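The following paragraphs lead the reader through a predicted model.

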Amino acid sequence: MPTDEIVISLKDVNKWYGTFHALRDINLDVRRGERVVVAGPSGSGKSTMIRCVNRLEEHQSGIILVNGTEVSNDVKAVEKVRRDVGMVFQQFNLFPHLTVLENLTLAPIWVKHMPKAEAADIAMKYLERVKIHEQAKKYPGQLSGGQQQRVAIARSLCMRPSIMLFDEPTSALDPEMIKEVLDVMVELAEEGMTMVCVTHEMGFARTVADKVVFMADGQVVEMNTPSELFGNPKEERTRQFLSQIIRH
Amino acid sequence: MAMVAGIGWFLVANTLTNLNARHIATGFGFLDREAGFGISEHLVPYLPSDSYFRAFEVGLLNTLEVAVIGIVLTTLLGLVMGIARLSHNWLVARLASAYVEAMRNVPVLLLLLFCYSLITVSLPLSRNAFNLFDCIFLSNRGLRVPAMIWDDSAVMVVSTLALAVAASFLVGVWARRRQEKTGRYFPVLWSSLGLIAGLPLIAFLATGAHLSFDVPHMAGFNFAGGSTVSPEFAALLLGLVVYTGAFIAEIVRSGILAVSYGQTEAALALGLSRMQVLRLVVLPQSLRVIIPPLTSQYLNLVKNSPLAVAIGFPDLVSVANTAINQTGQAVEGVSIIMGVYLAISLILSFLMNWYNKRVALRGGR
Amino acid sequence: MAESSLLENPSANGWLRGPVDWARKNLFSSPANSLLTIVALWGLWLAVPPAIQWGLIKATWIGDPAACRAAGGACWGLVTEKYRLILFGIYPYDEQWRPFLAVVLFIVMLATAANPRFWRPWLGWVLVAGLVVVSVLMWGGILGLPLVTNDRWGGLPLTLILSIFGIVLSFPLAVVLALGRRSQLPAVRAWCVVYIELWRGVPLISVLFMASIMFPLFMPEGVTIDKLLRAQLGIILFTAAYLAEIVRGGLQAIPRGQYEAADSIGLTYWQKMRLVILPQALRLVIPPLVGQFITTFKDTSLVIIIGLYDLLSSTKVALSDPQWRAFYVEGYVVAALIYFVFSYVMSQYSQYLERRLSAGARRR
Ligand SMILES: Nc1ncnc2c1ncn2[C@@H]1O[C@H](COP(=O)(O)OP(=O)(O)OP(=O)(O)O)[C@@H](O)[C@H]1O
Ligand SMILES: [Mg+2]
């Protein structure tokens with residue numbers, strides 16, 4: 001159901017860490033409602049790429065547009081992009097000094113200037129959606145990894161983003177907790193959220209993704225629908241990588 | 001157990017015999033007697049004819065004065081230097097590290113002696129004092145500044161200042177309430193600054209725009225009028241602040257580094273501004289790491305303040321020292337010193353622990 | 001602004017493509033940052049050239065105060081003239097090779113103790129033997145060395161004696177106190193807590209006062225202890241309290257399982273401590289121990305207040321000469337440099353150890 005409207009566009013994006021060339025001429029368009037899965041070997045630049053989208057990393061050449069706003073040195077533009085784009089991290093990164101509820105209301109209160117009561121209402125709604133509203137008064141340290149990651153997803157959703165970025169959201173979880181997080185993500189996808197998701201969960205990619213991007217050595221090697229890419233990879237590099245994950 | 005008691009008894013018995021042999025009185029009776037020595041700096045009235053007790057009081061107040069002003073200034077310096085060490089500005093970071101390394105590797109006493117020489121040897125004589133607007137004079141006799149004369153208009157200005165401070169506190173409370181209700185943000189910092197600067201200014205203008213000062217001026221070879229920051233006080237304060245600041249800078253730096261960078265990233269990704277990230281996410285977490293070692297640095301500053309003896313600032317220890325030399329009652333004198341410092345240590349630790357609990361309470365684990 | 005830049009990922013340090021890029025990235029990345037750089041450069045411009053002018057270009061290297069005043073720069077003549085006094089105090093001039101040798105011995109001992117390869121039980125005995133040799137050198141009276149009583153000792157050797165004897169001799173007391181503070185016996189624990197907290201709560205200077213005026217009162221009639229010994233005792237008792245807390249930190253870091261394992265093979269309390277717990281705990285606390293040594297090293301300068309002639313005091317004595325008084329900066333700079341070199345080397349060493357130890361812990 002993706003529309004034709006392009007919400008994220010990367011054009012010839014390059015990034016260096018010191019002298020290390022981490023992203024090489026990346027070109028990628030994401031449409032509204034589209035679900036993109038990014039896969040590739042470790043160190044291939046997947047995280048770097050999606051972190052450039054909300055300027056957690058700075059690219060050195062090329063153009064990144066998010067909802068028509070160019071991601072640049074302009075602080076105002078970056079803040080606008082970050083309000084529109086939610087992000088979920090591998091390590092959850094919940095704020096340990098705040099309760100679950102306070103984690104969720106922090107940004108709505110301070111960034112959107114929402115009354116506290118209203119922010120709490122919205123927060124409770126999202127906590128219910130990720131099925132942990134009984135834990136609202138607890139601190140992150142008292143939750144399991146899966147619960148923490150669901151709180152982190154709810155925290156992003158509270159800002160009502162139009163795009164969600166996921167950076168290996170299940171990699172730090174025990175197998176039995178992966179499912180509860182994936183369920184939440186599938187649900188989100190079914191509601192039509194635009195998602196860019198770095199993950200090694202090929203099942204998730206097959207069922208949910210509209211497009212799979214395969215990266216290696218800082219380049220986009222191949223980009224296709226999941227069935228094409230998994231069933232009929234064009235590049236040797238992709239084939240190699242797929243055979244490796246399947247073997248495991 | 002028995003051994004400890006035995007040693008204790010042995011020491012006490014020896015001490016009593018020795019005191020007897022030297023005809024030295026025991027007990028704290030001497031506190032009521034006339035001290036008979038002058039003290040150059042006193043926050044409360046003091047004359048040589050006052051009692052030893054009074055002299056101790058004066059010394060204690062001087063110690064506390066140095067401690068309070070020193071702690072405030074050294075915290076500011078340490079905070080600035082700690083943050084500067086983490087700055088992305090290469091030059092600023094290097095300069096801050098150089099400061100920290102230099103201070104941490106020399107004795108504080110050397111620093112004090114150096115500051116004292118700097119003031120008393122290198123600053124000009126009174127008659128050639130550095131002169132700022134003909135009212136502030138810096139010379140080897142210290143810093144001479146105008147003193148306010150307490151007429152009606154001065155009282156008015158100062159009381160509106162107090163009023164403004166109270167008002168900005170109320171504004172802070174009100175702003176938080178309103179933000180919780182409506183979500184609208186009120187610029188508390190700026191409005192408080194406006195209040196604190198503006199109200200006294202209005203009072204100043206309303207009372208006829210005149211405040212009278214006792215301006216220092218040359219009389220003979222020295223200044224008359226105004227009030228003085230003595231070279232001893234200035235050197236002590238400068239040395240302690242600069243020395244302790246280096247240690248606090250390290251504490252602040254490692255406190256901020258202790259908060260993982262993921263916290264900052266997550267907060268930025270939610271759209272918070274950098275200042276908000278620092279205030280709402282990073283500082284609350286680093287404070288918990290910072291406060292315990294900060295407490296011991298505050299204690300160190302207080303415990304280093306008796307080095308005043310070396311440059312002749314009359315703090316508690318230097319007063320006690322004089323009293324011991326005059327009366328010979330070393331045991332009592334030293335117990336007073338130790339008792340007072342123990343009390344200060346305990347009170348300060350208690351306050352900081354209380355504050356730490358308040359910070360740490362919010363945080364579950 | 002400094003605040004905002006500290007939030008940037010410290011590892012993401014930009015791309016290095018020559019000095020211009022480097023400066024743009026590290027000095028002029030934003031208007032606020034540029035302002036900061038310019039202010040800092042301006043400050044350096046005000047401070048550094050005059051300092052070089054004073055310290056090198058206009059300086060007088062050999063000569064009397066009058067020559068210095070004529071040249072208008074630093075008067076390093078003070079140092080060439082007085083370095084023996086600053087370094088060795090009033091130790092008899094012709095015998096000053098002895099304190100010099102003592103300093104060399106101290107440095108050799110420190111270097112030996114710093115090498116992890118020598119962290120064996122015999123190291124303690126080597127250090128004690130070294131200290132005995134140093135004492136004989138300094139005192140003399142045997143082996144044909146003329147007797148030099150300790151009221152003539154001074155300068156750097158005295159500073160080293162006070163701090164090294166202070167640390168080495170307070171160490172056993174500290175271990176006992178640390179064990180006592182974790183003892184099961186409430187009375188022992190209480191005594192140790194009181195001792196530790198009492199000493200840690202009071203300033204060293206009051207301890208030195210106490211040592212210099214009260215110790216004589218504690219002694220039986222006829223027994224006198226000299227000033228140096230009193231100060232040394234005060235420093236030992238004081239340092240032991242701080243060391244005890246450091247050792248306790250190490251004891252606490254040893255996992256419970258180690259205690260239980262030692263109990264389960266039937267070791268007595270002292271065997272358990274000596275053979276299992278302390279060897280591990282003491283290794284852990286070496287970095288903070290070095291830190292405490294630096295503190296003690298710097299703190300021995302306080303003995304100036306009870307009239308001993310350590311490095312700082314002898315510098316002050318050298319400067320008390322009226323004709324040299326104006327050149328206090330030179331004197332203090334030299335003394336500060338000596339303190340700095342010792343402390344800086346030790347603190348770098350302790351950081352190196354810390355990295356080494358944490359690497360070792362990770363490998364396990
Ligand atoms: N801050 C940094 N400084 C220097 N190099 C970095 C930095 N961050 C990442 N890199 C390098 O950039 C490359 C891409 O890193 P990135 O984290 O994007 O990989 P990834 O594809 O997400 O890998 P993984 O699956 O392990 O998360 C790696 O080689 C990494 O070493
Ligand atoms: Mg990654």
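The domain assignment of chain B gives two entries: domain 1, made up of the segments 46–110, 231–316 and 324–360, and domain 2, which covers 159–208. Taken over C-alpha atoms, the centres of domain 1 of chain B and domain 2 of chain B are separated by 30 Å.

Chain B also takes part in a contact with chain C, to which chain B contributes 61 residues and chain C contributes 62 residues. Between them, chain B and chain C bury about 5,500 Å², and 73% of this area lies on carbon and sulfur atoms. Within chain B, the residues that lose the most area to chain C are B:His88, B:Asn105 and B:Arg274, which together account for 13% of what that side buries.

With regard to specific interactions, the count of salt bridges between chain B and chain C is 0. Helix α4 of chain B, residues 108–122, supplies the largest share of the side of chain B that touches chain C, namely 9 residues. By residue class, that side of chain B divides into 43 nonpolar, 13 polar and 5 charged residues.

Attention now passes to chain A, which contains an open sheet of 4 strands in the order β2-β1-β4-β5, with antiparallel pairing. At the edges of this sheet stand β2 (20–31) and β5 (69–70) of chain A; each has a single partner strand, so one side of each is left without a neighbour in the sheet.

How many bridges join β1 and β4 of chain A? Strand β1 (residues 6–17) and strand β4 (residues 61–66) of chain A pair in the antiparallel sense over 5 bridges.

Terms used: Residues numbered from 1 in each chain as written. Chains lettered and ligands numbered in written order. Predicted model: local features only at pLDDT ≥ 70, side-chain atom pairs only at ≥ 80, totals over all residues. Heavy atoms only, no water. Pairing = 2+ DSSP bridges. Helix = DSSP H or I, 4+ residues; strand = E, 2+ residues; numbered from the N terminus. Contact = heavy atoms within 4.5 Å. Buried area = accessible area lost by both parts, 1.4 Å probe. Salt bridge = Lys/Arg side-chain N within 4 Å of Asp/Glu carboxyl O. Nonpolar A, V, L, I, M, F, W, Y, C, P; charged D, E, K, R; others polar. Domains from an automatic or database assignment.
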